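Let us walk through this structure together, starting with a sheet and its helices and then turning to the aromatic rings. Please keep the viewer open as you read.

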Amino acid sequence: MPQCIYRPKPYAGPSRQDVLAMRQQYCNPAIFTIYKEPLMIVEGHMQYVFDETGRRYLDLFGGIVTVSCGHGHPKVVKAIQDQVATLQHTTTIYLHPNFPLLAKMLASKMPPGLNVTYFTNSGSEANELAVLLARLYTGNTDVIALRNAYHGGSSQTMGLTSHHTWKFPAPQGIGIHHALCPDPYRSPFSGTPEEIARKSAEDIRDLVRFSTPGKIAAFIAEPIQGVGGATHGAANYLKLAYAMTRENGGLCIADEVQTGFGRTGDHYWGFQNFDVVPDIVTMAKGFGNGMPLAAVTTRMEIAESLKQRIHFNTFGGNPVAMAAGLAVLDVIEEDGLQENARVLGIRLKNGLNQLMSRHPLIGDVRGMGLMLGVELVRDRQTKEPATAETLQVFEETRNLGVLVGKGGLYGNVLRIKPPLCVTREDVDFALEVLDQALGSIH
Ligand code: PMP
């Protein structure tokens with residue numbers, strides 16, 4: 001484990017067993033933990049977290065792609081503390097500088113025209129609002145999302161989500177259709193990734209013709225699918241998909257909840273890797289470095305469609321969340337986090353590709369920057385998902401001091417999306433640990 005001079009405070013709270021017992025007795029049982037022996041995390045420092053015994057872990061999942069600047073980043077902490085002590089809450093019915101300041105700052109990060117923002121508290125809420133805006137603006141109802149997508153757990157966004165594992169047998173989302181995922185690894189199409197991307201984009205046209213009134217409100221996609229396991233189409237996909245959407249009256253929504261804020265390395269926003277400009281961008285997670293902060297950014301004429309009725313959100317625009325967002329955007333620049341994601345993303349992906357050459361269990365390595373996925377299969381030909389083996393690797397990496405995520409429809413993709421402040425030493429250590437964990441599977 002790389003050196004770290006930070007020492008956690010002695011933990012003095014309830015024991016791990018008591019915490020577990022209270023959860024079991026008083027919390028909704030659907031709230032799950034991810035390891036056989038649930039891990040209790042009580043402190044964090046940048047890319048590291050500590051359990052109640054003081055044991056340190058390298059956190060390669062960042063609170064599910066949310067801790068962008070680092071746990072307890074001093075600038076973000078200070079901004080939050082100062083704002084809490086000054087004014088914690090008023091709502092947007094009064095003027096406060098933080099709210100328009102952050103909206104203005106976001107506009108400066110966007111392509112021209114995308115300069116009006118509505119703040120919410122979660123990614124689900126942001127996507128709900130994006131779909132509402134698209135429906136109001138276009139006058140159409142139908143929305144096309146992608147198979148293997150995750151867009152949230154509220155009623156409309158559960159409908160956009162495309163994994164049966166996240167969908168409850170209850171009414172959800174109206175007028176939503178799922179087009180084929182352009183990722184080449186499990187595509188029903190054959191050919192080069194670009195050919196697969198083209199054929200997948202054509203599925204949007206078919207969906208419009210066969211399943212909608214011939215006009216759509218929107219196409220929504222994550223530039224790189226997060227929960228789906230770092231899946232994405234070739235560089236030509238989003239251009240074709242966006243063109244087809246616009247031909248059919250729809251707006252293009254980019255869900256940047258995981259891909260935004262420099263994570264993909266080459267660009268600030270995930271969509272920029274595909275050379276497209278969306279009409280609506282949604283964001284959350286890394287935006288607040290852990291504060292409940294999300295947003296929908298769009299063009300003024302689209303935003304204006306919400307003026308026809310009253311729309312209000314109690315915590316959207318909260319001064320503390322805004323202070324956190326302002327600090328996060330500064331830190332991404334000041335600490336060179338996008339460049340770090342680019343450089344270390346290359347190092348990590350190269351290392352993972354080397355592991356693939358030694359471990360037949362790895363079927364695919366994909367993603368960009370510090371948003372990477374490693375898909376494990378029992379057989380590279382049949383691509384049979386190695387779900388049980390993934391669980392073993394997952395447990396073993398934790399035993400060795402590294403936390404990664406897990407995803408994909410079959411739960412057979414290791415998701416590696418650390419705080420953007422990880423170092424070269426962390427990356428090399430993580431690769432050693434993964435090598436050892438993969439080697440332990442027989
Ligand atoms: N979109 C994407 C791409 C996500 O990954 C998530 C959360 N995993 C959401 C939307 C929903 O965000 P939240 O959990 O904040 O509602």
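What follows is a short tour of a predicted model.

Strands of a sheet pair through backbone hydrogen bonds, either parallel or antiparallel. Here, four strands form an open sheet, and reading across it gives the order β11-β12-β15-β14, with antiparallel pairing. At the edges you will find β11, residues 362-368, and β14, residues 405-407, each of which pairs on one side only. From one strand to the next, the twist averages 25°.

Strand β14 pairs with β15, which spans residues 413-416, in the antiparallel sense over three bridges. To find your bearings there, look for Gly 407, whose bridge partner in β15 is Val 413.

Helix α11, residues 337-358, lies across β11, β12 (371-376) and β15, and runs at about 170° to β11. Helix α12, residues 387-399, lies across β12, β14 and β15, and its angle to β14 is about 170°.

Two ring contacts involve a charged side chain. The charged end of Lys 406 sits over the ring of Phe 394, 5.7 Å from the ring centre.

A pair of aromatic rings is described by the distance of the centres and the angle of the planes. The structure holds ten aromatic pairs. One of them joins Tyr 6 and Phe 50 in a tilted arrangement, with 5.8 Å centre to centre and 40° between the planes. Because Tyr 6 lies in the segment before α1 (16-26) and Phe 50 in strand β2 (residues 48-51), this pair ties together parts that are 44 residues apart in sequence.

A second pair, Tyr 268 and Trp 269, is edge-to-face, with 5.2 Å centre to centre and 75° between the planes. Both Tyr 268 and Trp 269 are buried. They belong to one aromatic cluster together with Phe 99, Phe 119, Phe 261 and Phe 287.

Technical notes
Residues numbered from 1 in each chain as written. Predicted model: local features only at pLDDT ≥ 70, side-chain atom pairs only at ≥ 80, totals over all residues. Heavy atoms only, no water. Pairing = 2+ DSSP bridges. Helix = DSSP H or I, 4+ residues; strand = E, 2+ residues; numbered from the N terminus. Axes fitted to C-alpha atoms, helices over the stretch in contact; angles between N-to-C directions. Contact = heavy atoms within 4.5 Å. Phe/Tyr/Trp six-rings, centres within 6.5 Å; stacked < 30°, edge-to-face > 60°. Buried < 20%, exposed > 50% of the residue type's maximum accessible area, 1.4 Å probe, protein only. Lys NZ or Arg CZ within 6 Å of the ring centre and 35° of its normal.
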